[in-house]
Amino acid sequence: MSHTFTLDGKTIPFAEGQTILQAADAAGVFIPHLCYHPDFKPHGSCKLCTVKVNGRQTASCTMRALPGMVVESETEELNDERRALTQMLFVEGNHFCPSCETSGNCRLQATAYHLGMMSPHFDHFFPSRAVDASHPDVLLDFNRCILCSLCVRASRDVDGKNVFALSGRGIKTHLIVNAKSGRLADTNFTLADKAAQVCPVGVILPKRHGFAVPIGERKYDKAPISETTEGR
Amino acid sequence: MSENRKLRVATTSLAGCFGCHMSFLDIDERLFTLLEHIEFDRSPLTDIKTVSPGTDIGLIEGGLCNAENVHVLREFRQNCKILVALGACAVNGGLPAQRNHLPLTTILEEVYHTSPGLANGMIPNDPELPLPLNKVHPIHEVVKIDYFIPGCPPSADAIWKVLTDLLAGREPTLGHGLMHYD
């Protein structure tokens with residue numbers, strides 16, 4: 001016998017051990033998320049996937065589904081908070097979409113579209129972050145990092161290389177490269193690594209592939225993120 | 001907004017490239033429909049130099065890169081009932097804001113002194129020239145902005161949608177396909 005819970009009034013079946021987000025995803029119901037990826041252990045840090053379970057807020061990517069749970073997701077209150085979190089991610093980094101190769105394929109941008117984010121609302125930090133172009137095949141643009149840690153998890157858990165890490169605490173948290181020089185060229189990172197495929201924004205970019213698909217014809221230009229099937 | 005008088009609309013480009021104004025003109029023949037409902041006040045299209053008090057809608061292209069930009073923006077806020085940020089630069093600083101991680105003195109030195117072919121160049125300091133700001137800022141960081149149209153530039157359809165929503169007294173929204181940051 002399969003178990004179920006309700007999500008915004010809709011009955012969602014789940015298998016034992018599945019999280020709310022995994023069960024919703026399997027049932028074709030979209031819950032906004034940035035740091036979650038189906039291939040990796042949930043991190044629970046971006047908080048975009050926050051839902052209310054029996055009236056209390058929790059991250060749906062880490063919360064295991066239980067029979068009879070009453071889960072709310074598409075409420076004005078939760079979407080307002082998701083939009084505010086997304087706005088904070090935009091102002092904390094340097095997100096200039098018109099000059100970003102990932103524009104149109106970017107989960108941060110597509111999520112902002114989904115949430116109806118018309119402006120960044122907050123004051124911009126305009127942080128100063130150097131790019132790392134040392135690697136022959138890959139450019140790192142730290143300006144766009146949202147600290148989802150997907151590259152950290154991919155490099156550590158799949159590639160077994162531990163190329164990336166999050167360093168510092170609180171507002172000073174930032175992505176680093178595990179090399180004495182701090183440069184990607186001084187690691188064994190390659191374009192074939194899983195870590196090279198998982199960045200939801202435009203930090204890890206293959207060189208010499210710029211604008212292969214024109215702006216306006218990219219993934220989320222064609223369909224909103226809520227209607228794309230992959231959990232990517 | 002159902003009264004018969006035409007709504008007065010002012011527009012300006014601050015630290016922008018006039019691309020958003022070009023996109024606005026891309027509404028093409030819909031301009032005739034629009035002109036049945038609005039008249040232009042201060043705008044590069046009319047060459048009127050100041051914003052009339054009681055102007056209904058102000059469209060601001062571009063962010064703030066110098067003191068004159070701030071002055072013009074404040075004049076718009078003072079005289080417009082509704083202020084709309086038009087395009088990426090007004091919304092988040094855009095391309096000009098990409099200088100923000102460099103010290104202003106370094107930029108001026110590079111542009112006027114150390115660039116090749118600029119022997120004896122001097123940094124302009126005529127009192128007529130507005131002073132550059134230390135950093136480029138989006139306009140909502142200085143005055144209250146009522147609505148935002150993102151995009152570089154926003155498409156003519158996006159501008160048309162927001163303007164017609166405003167004219168009809170609706171809260172402007174941009175759905176999928178009209179909402180673009182690029």
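**Entry 1: helix H2 of chain A**

I listed the buried residues of H2(A) and got A:Arg82, A:Arg83, A:Thr86, A:Leu89 and A:Phe90. I then checked how they sit around the axis. They cover an arc of only 115°, so they lie on the same side of H2(A). I note that this model is predicted.

Next I looked at the opposite face. Turned away from the buried side of H2(A), I found the exposed residues A:Glu77 and A:Asp80.

What covers the buried residues of H2(A)? I found that the cover includes helix H3 of chain A, residues 107–114.

I also took the length of the helix. H2 of chain A runs over residues 76–92, which makes 17 residues. From its first C-alpha to its last I get 24 Å, close to the 24 Å expected at 1.5 Å a residue.

**Entry 2: chain A as a whole**

Chain A has five helices and ten strands. Along the principal axes, its C-alpha atoms fill a box of roughly 55 × 40 × 35 Å.

I compared the radius of gyration with the globule rule. For 232 residues, a compact globule would come out near 17 Å; chain A has 18 Å, so the two agree.

I looked up burial too. Of the 232 residues in chain A, 41% are buried.

Then I turned to contacts in chain A with a separation of 6 or more. Residues 24 or more positions apart account for 64% of them.

**Entry 3: B:Ile139**

I moved to chain B and picked one residue. Where is B:Ile139? I located B:Ile139 in the loop between strand E6 (132–137) and strand E7 (147–149) of chain B.

Is B:Ile139 buried or exposed? I count 30 C-beta neighbours inside 10 Å, and the cut-off for buried is 20 or more. B:Ile139 therefore counts as buried, although I found it in a loop.

I listed the contacts of B:Ile139, leaving aside neighbours within four places in sequence. They are B:Ile60, B:Gly63, B:Leu64, B:Leu73, B:Ala85, B:Ala90 and B:Ile145.

I checked one further pair, C-alpha to C-alpha. B:Ile139 and B:Gly87 are 11 Å apart in space and 52 residues apart in sequence.

**Entry 4: the contact between chains A and B**

How many residues does each chain bring to the contact? I get 17 residues from chain A and 22 residues from chain B.

I sorted the chain A side by type. The residues on the side of chain A that touches chain B divide into nine nonpolar, seven polar and one charged.

Technical notes:
Residues numbered from 1 in each chain as written. Chains lettered and ligands numbered in written order. Predicted model: local features only at pLDDT ≥ 70, side-chain atom pairs only at ≥ 80, totals over all residues. Helix = DSSP H or I, 4+ residues; strand = E, 2+ residues; numbered from the N terminus. Expected span 1.5 Å × (residues − 1). Buried ≥ 20, exposed ≤ 12 C-beta atoms within 10 Å, placed from the backbone. Arc of directions from axis to C-beta. Contact = placed C-beta atoms within 7 Å. Nonpolar A, V, L, I, M, F, W, Y, C, P; charged D, E, K, R; others polar. Rg over C-alpha atoms; globule rule 2.2 N^0.38 Å.
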